[in-house]
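Me: I've got a model open and want to talk through how some of its pieces pack. Can you walk me through it?

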Amino acid sequence: MNEKIIILDFGSPTTQLIGRKIRELNTYCEIVPYNKFPHDDKTVKGVILSGSPLSVNDPHTFKTDLSAIRSHYPVMGICYGAQLIAQSSGGEISQSSSRKYGHARLRVSDHSDALLGNLPQDSQVWLSLSDTIIRLPENFRMIASTEEVEIAAYKVDDEPTWGVQFHPESPHTEQGTQILDNFLTICECQKNWTPESFIESTIKQLKEQLGDDKVILALSGGVDSSVTAVLLNKAIGNNLTCVFVDHGLLRKNEFEKVLADYRDMGLNVIGVDAKERFYKALKGVTDPEKKRKIIGKGFIDVFEEEAHKLKDIKWLAQGTIYPDIIESLSITGTTIKSHHNVGGLPEKMNLKLCEPLRLLFKDEVRRIGLALGMKPQIIFRHPFPGPGLGIRILGEITPEKVRIVQDADDIFISALRAANLYDKVWQAGAILLPVQSVGTMGGKRTYENTIALRAVTSIDAMTADWAHLPYEFLAKVSNEIIRKVKGVNRVVYDISSKPPATIEWE
């Protein structure tokens, strides 16, 4: 990676979206906290300042010295970032009489400007402002406006610094991608960061990093760990050992299917059947967090036992991706979401960490997987929780309950695929509720279990909407589950969005 854009994060919920948009323009970028600019990094080509939920007039807000940055790189401030640049140069920022939120029409006043000059005279942008710039510093000039915001964009004279009081990263901003692309052109970026270039450079780096050392990797069946395995296999071959653990809470026949897929890819993989061990540990446990901890500890114990059977292992590989890194540490330095990967193992087992995907977003991981020639069913699998069906069985986990939810889930997922709906939802599954109800089947009274079907649409799982599946499809699935899954006489569909609900039930 010989060039990059730095995005200084001031806490905006759309900061990751800025990064994804830049990556989609074949340019590498990194998101760093507002006060952690890498001044010694010679590969930086330009800087973007993100928005923020805070006000620049708040005495406790996030601020940083921009003088060294502005004197060395092209800079674009977005919303809060634009206001911070203006305020630090003597401009005036004031609270708006009403919050500016939603669509607006952008009118460009300077068609010679390098950032906005090639945009249409009038285009839609997305506003989200509580403060606004009411007076620019002397050497700043307005280059665009909207009806709601007079100074919608500005340029600093004799300096490659711009500010926009709208969100070019938002899909609601019609020319947003063009604006970001213009900024990359200003920064003289080559725009040559592609899946193929990433694969080539990463395999080279892995060979140099690992040499002849041996590496162990816990496979989950998901895209992140799978792509990690294929990259490492190309770099070090059989010096990589993969471990795939069946904790008895996978989807129906998934252990056998995924294990076969991995072996077809030429991976050195060990399959461990630990179902009875997990069922025994979970017997009588109903609390969701206790179940998660038991499953997590059990997985670590099994993985550690398998690792100790091998000799001379020096590295632990993980499928950590960029959102894990960003979300695990907020810009204030506090943990907001711990990594979902195998915590604690490196210290306990005295292993060094290898995380070749740690700077990629989920959609980029999928692009890398496709470029590696991996099977689409692995690349585009729905996300599946680490505790598996253990958090889709509400209450105590038993082998019989696992059988019920596996059968119902298999019918649901198979039906989604058959109806060409699988790729239109982010995640789907069946949940076994601790609810029994009266029914009638074959002329006889029944008193059996209830299955809830859950399907959501999302981009990154931070927010999600319930998938509006056709009524005819849901009716067909319901009938098939009730007819074929012994122990179920009622099926319901979850129409809750996130927030306020979560995607999983536990």
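Reply: What follows goes through some helices, some strands and a few single residues.

Me: What should I know about the model before we start?
Reply: This is a predicted model, where local features need pLDDT of at least 70 and side-chain atom pairs count only at pLDDT 80 or more, while totals for chains, interfaces and linings use all residues. Residues are numbered from 1 along each chain as its sequence is written, and side-chain values use heavy atoms, with hydrogens and water left out.

Me: OK, helices. At what angle do α5 and α6 cross?
Reply: Roughly 60 degrees, and the axes of α5 (residues 195-210) and α6 (residues 223-236) come within 9 Å. That makes α5 oblique to α6. For the wording: under 35 degrees is roughly parallel, over 145 roughly antiparallel, 65 to 115 roughly perpendicular, and the rest oblique. Axes are lines fitted to C-alpha atoms, for helices over the stretch in contact, with angles from 0 to 180 degrees between N-to-C directions. Helices here are DSSP runs of H or I with at least four residues, strands are E runs of at least two, and both are numbered from the N terminus.

Me: Which residues make that contact?
Reply: On the α5 side they are Phe198, Ile199, Thr202, Ile203, Leu206, Lys207 and Leu210, and on the α6 side Leu231, Leu232, Lys234, Ala235 and Ile236. Contact means heavy atoms within 4.5 Å. By class, that is 9 nonpolar, 1 polar and 2 charged residues. Nonpolar covers Ala, Val, Leu, Ile, Met, Phe, Trp, Tyr, Cys and Pro; charged covers Asp, Glu, Lys and Arg; the others, Gly among them, count as polar.

Me: Let me zoom in on leucine 206. Buried or exposed?
Reply: Leucine 206 is buried, with a relative accessible area of 3%. The cut-offs are under 20% for buried, over 50% for exposed and partly exposed in between, using a 1.4 Å probe and protein chains only.

Me: And what is leucine 206 in contact with?
Reply: Leaving aside neighbours within four places in sequence, leucine 206 is in contact with Gly211, Leu231, Leu232, Ala235, Cys354 and Pro356. The C-alpha atoms of leucine 206 and glutamate 355 are separated by 9.8 Å, though these residues are 149 apart along the chain.

Me: How do α5 and α12 pack?
Reply: Their axes are 9 Å apart, at an angle of about 80 degrees, with α12 spanning residues 362-371. The two helices are therefore roughly perpendicular to each other. Pro195, Glu196, Phe198 and Ile199 in α5 meet Arg367, Ile368 and Ala371 in α12. That contact divides into 5 nonpolar, no polar and 2 charged residues.

Me: What about α6 and α12, at what angle do they pack?
Reply: About 40 degrees, with axes 10 Å apart. That makes α6 oblique to α12. Val223, Asp224 and Val227 of α6 meet Lys362, Val365, Arg366, Ile368 and Gly369 of α12. By class, there are 4 nonpolar, 1 polar and 3 charged residues in this contact.

Me: Switching to strands. In what order do the 5 strands of the open sheet run?
Reply: The order is β12-β11-β10-β13-β14, and the pairing is parallel. At the edges sit β12 (269-273) and β14 (352-354), each pairing on one side only. Strands count as paired if DSSP finds at least two bridges between them. Between β11 (residues 240-246) and β12 there are 5 bridges, and aspartate 246 has aspartate 273 in β12 as its bridge partner.

Me: Which strands does α9 touch?
Reply: Helix α9 (residues 288-309) packs on the sheet and touches β10 (214-219), β11, β12 and β13 (313-317), with its direction at about 150 degrees to that of β10.

Me: How many residues of β3 are buried?
Reply: 5 of the 6 residues of β3 (residues 44-49) are buried, so this strand is largely enclosed by the rest of the structure. β3 runs parallel to β1 (residues 4-9), joined by 5 bridges, with isoleucine 6 opposite valine 47. β3 also pairs in the parallel sense with β4 (residues 75-78), over 3 bridges.

Me: Last one: where is serine 89?
Reply: Serine 89 is in the loop between α3 (80-88) and β5 (92-108). At 30% relative accessibility, serine 89 counts as partly exposed. Not counting residues up to four places away in sequence, serine 89 touches Arg70, Pro137 and Phe140.
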